[in-house]
Amino acid sequence: MAAPLAIRARGITKCFGDVVALDGVDLDVAQGQIHGLVGPNGAGKTTLLGLLLGLAVADRGQLEILGTPVRRALAVPDGVAGFVDGPGLYPSLTARQNLAALAALRGGDARTAGIDDVLAQVGLTEVADDRTNGFSLGMRQRLGLAAALLTEPRLLVLDEPSNGLDPAGKRQVHGVLTRLAAQGTSVVLSSHRMDDVEALCSEVTIVATGRVVFSGPLGKLAAENRELDYRLLTSDPPAARRLAADTAGISVVDDAGVRNDADLLVVRALVPALDELVVRLVGAGVALRELAPVVSPLEAAFLALTEPPEADR
Amino acid sequence: MTATAAPAPAARRVPVSRGYRFELVKLVSQWRIRLLVVACWVAPGLFVAAVSQQSSLPVDTLFGRWMHATGWAGPLVMLGFAGTWALPLLTSMVAGDVFAAEDRLGTWRHLLVAVRSPRRIFVAKALASLTVILLLVAGLAGSSAAGGVVAVGNQPLVGLDGHLLTPADAAGRVLLAWVCALAPTLALAAIGLLGSVALGRSPMGLLLPALVALALQLAQMLPLPVAVRLALPGYAFIAWNGLFTSPAQLGPLLIGVVVSLVWAGTATALAYLLFLRRDFTSLTSGISGRRAVTAGVLPLAGLLAATVAVVAAASGATGSGIEQDKVQRSLATAFAHLYRLQTGQLNRPDVTEAQLQAVAACTKGGGQVAGRGPGNDWRCVISWHLPGLDATGTAIYQLDITADGRFVADGDGPKEVNGYFLVRTPVGDAPNPLWQFDGNVDLLPSPKG
């Protein structure tokens, strides 16, 4: 049986004056799922995340969050946390004071609110008593996540949480989000970094000009996609090139010069043709050292679905 | 079809008390606010104590000439300064920034998600800024009073009509004067809230209370009709002077306080309505200049017109309020009180004001112009009687009367009475209380008409 939905949106429309920010958006997010929201700038991601946080109410459509219909602003149920447009931090307070003030605002005792624990989870223990006016963007993002964690959310809404994170910070944040999801918390995050979305999300929704152009599992996105470019590194590049040229459905992209690596072979294919090429390479005794898409399936789909057709450009 | 999750409990809104604490924490954590608190609780005391030890006193400021005589003059000098500069600037820095700071930091959405009620956010912010402003005002008053009493002593204070207030009476009236000054301070604070809500991160929002206060001060310098003068929300910064006459000139003070409180209430209500209408989700969030004008400026302009009409109708005040008979009465009263003071200094037999029967005859512009209105061309001749003597004493004063009714009487002789700044007393030379003194003309019509 499928997990119950944490978010169920149907036909959500939101306008700001003459500007249609969201136009009939449907969205399903299951409990315990990390759901990615991607789209070009101005596509309506932040507006949608704002609706999920209760900052506004849709002009039309139905929105249910954690089983509760949301019909007016700031009326989302308990258990929803997160941020849009960056975390809200007060620079005159230390990291710990920011969290303590937030805990006190919600009626918790700053000593028992788990502030040390959430600071440790996001890797900010060492700077807990520093004022946040000296924090980098990545540190601010992590502190924003810590503030959301304080509420023990059932639905976490994050607007570009990976912005400004170094590799270690990114790993830490990914670990936190994955752990939360495993414990049943649903996470909706927007990002322009496709590698983050692919690494974290089981499902993704792509929005463009206020409309959903794709929503579903990442695997489905790859399958629905057009041919992709793959890079192959083998033990015998000339033989591999010959076999690729002979395999139906495979076209060799002759840009090794551009990539400055003569041993590298780039082919364009659908997944079944690529499978056939791998079988033939192995059969011919050519060892396959590396096989990876040049552009991730998500990024390729994103570009294909959101960029205007050639004729329109 | 996938089922939705079991309904979660509705999120509770954060009580105002917690929001208030949160706002206080944010305000007090700012170094600027901490600096202001320390400055307001320390600097006035040091200033008053230091000035009280100087040979030259700030005689241009009301009660400044009495700073050597009593510690209770210091907090009144400070109140005069505060009403002109300090309180408008303090309200600018606190109330004028309390909403704009969230715009600057980009924390509105965070705050809304945490509190879930714009109404409660507004109330919490308004209360927190009010608390800080009260703390600052209390510092100014308490520190200057402490500085004065410690440096000079707990002596009687000479009122604006020359009568002596006992130290306890002086202390009570000083406290009352500062409490009355809270009303226009609240009006400026409310204008600050309105500016902060309407203008967001624009520096104009921060400066609005100071600019409004400056405009009000400029207006008070103009020869405006009394009804307009009293209907301005800053008039209580001047009208507290009336507490230091006997009987107290309570009419202008009460009108000034009520007008200020009406302004405070109206500006706060406008700020509240404007804040509730704000759309925090739009990326171009903020309030348009057009809406700020229609929802902020126009209602306040209407309020000013209405208060002018009400004050004019209720008080029956016309013209400048400065008329010959009132000037004469006020000067003669002050002279009689101060004559008794001088008599005491000179160790002469005491006389009462009733025995003196002091009267003043004043002309303006050498008698060439009508005896009304402000100006430095008033000339008065005071005559009085001493018990047991047939001769009538006379003394001449030049008066500089400002548009708000305050005057400085400058003695022009005879030298033994008011022509020299010192008098020779049995214990040495002392300041002559009749040489120069401050006074106040009640701008409202007297009960006798």
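This is a predicted model: local features need pLDDT of at least 70, side-chain atom pairs count only at pLDDT 80 or more; totals for chains, interfaces and linings use all residues.
I will start with chain A. Its secondary structure comes to eleven helices and 14 strands. The C-alpha trace of chain A spans about 70 × 45 × 40 Å along its principal axes. Chain A has 313 residues, and 45% of them are buried. If you take the contacts in chain A with a separation of 6 or more, 71% are between residues 24 or more positions apart.

The C-alpha trace of chain B spans about 115 × 45 × 30 Å along its principal axes. Of the 449 residues in chain B, 48% are buried. Among contacts in chain B between residues at least 6 apart in sequence, 72% join residues at least 24 apart.

Next, helix packing inside chain A. As a general point, two packed helices are described by the angle between their axes and the distance between the axes. The pair I want to show is helix 4, residues 137-149, and helix 5, residues 167-182, both of chain A. They pack at an angle of about 15°, and their axes are 11 Å apart. Angles under 35 degrees count as roughly parallel, so helix 4 of chain A and helix 5 of chain A are roughly parallel to each other. The crossing of helix 4 of chain A past helix 5 of chain A is left-handed. Which residues make the contact? From helix 4 of chain A they are A:G138, A:R142 and A:L145, and from helix 5 of chain A they are A:G169, A:V173 and A:V176. By class, this contact of helix 4 of chain A with helix 5 of chain A has three nonpolar, two polar and one charged residues.

Let me move to the contact between the chains. How many residues does each chain give? Chain A gives 40 residues and chain B gives 34 residues. On the side of chain B that touches chain A, the elements giving two or more residues are helix 1 (16-28) and helix 5 (108-115) of chain B. Helix 5 of chain B gives the largest share of that side, seven residues. By class, the side of chain B that touches chain A has 18 nonpolar, eleven polar and five charged residues.

One helix pair runs across the two chains. The crossing of helix 2 of chain A and helix 1 of chain B is right-handed. On the chain A side, the contact is made by A:A101, A:A104 and A:L105 of helix 2. On the chain B side, B:R18, B:G19, B:R21, B:F22 and B:V25 of helix 1 take part. The residues of this contact of helix 2 of chain A with helix 1 of chain B divide into five nonpolar, one polar and two charged.

On to the core. In soluble globular proteins, nonpolar side chains tend to be buried together. The largest nonpolar core in this model has 231 residues. Which of them touch the most other members? They are A:A146, B:A190, B:L193 and B:L331. Helix 7 of chain B, residues 167-199, gives the largest share of this core, 19 residues. As for A:A146, leaving aside neighbours within four places in sequence, its contacts are A:L99, A:V118, A:L119, A:Q121, A:V122 and A:L124.

B:V137 lies in helix 6 of chain B, residues 118-151. Is B:V137 buried or exposed? B:V137 has 23 C-beta neighbours inside 10 Å, so it counts as buried; the cut-off for buried is 20 or more. Not counting residues up to four places away in sequence, B:V137 touches B:W178, B:L182 and B:T185. B:V137 and B:R173 are 36 residues apart along the chain, and their C-alpha atoms are separated by 16 Å.

The other valine, B:V310, is found in helix 12 of chain B, residues 289-315. B:V310 has 16 other C-beta atoms within 10 Å, so B:V310 is partly exposed. B:V310 and B:A231 are 79 residues apart along the chain, and their C-alpha atoms are separated by 8.7 Å.

Methods:
Residues are numbered from 1 along each chain as its sequence is written. Chains are lettered from A and ligands numbered from 1 in the order in which they are written. Two residues are in contact if their C-beta atoms, placed from the backbone, lie within 7 Å. Helices (H or I, at least four residues) and strands (E, at least two) are DSSP runs, numbered from the N terminus. Ala, Val, Leu, Ile, Met, Phe, Trp, Tyr, Cys and Pro count as nonpolar, Asp, Glu, Lys and Arg as charged, and the others, Gly among them, as polar. A residue is buried if 20 or more other C-beta atoms lie within 10 Å of its own, exposed if 12 or fewer, and partly exposed in between; C-beta atoms are placed from the backbone. A crossing is left-handed if the near helix is turned anticlockwise from the far one by less than a right angle, and right-handed if clockwise. A nonpolar core is a set of buried Ala, Val, Leu, Ile, Met, Phe, Trp, Tyr and Cys residues joined through C-beta atoms within 7 Å. Axes are lines fitted to C-alpha atoms, for helices over the stretch in contact, and angles run from 0 to 180 degrees between N-to-C directions. Angles under 35 degrees count as roughly parallel, over 145 as roughly antiparallel, 65 to 115 as roughly perpendicular and the rest as oblique.
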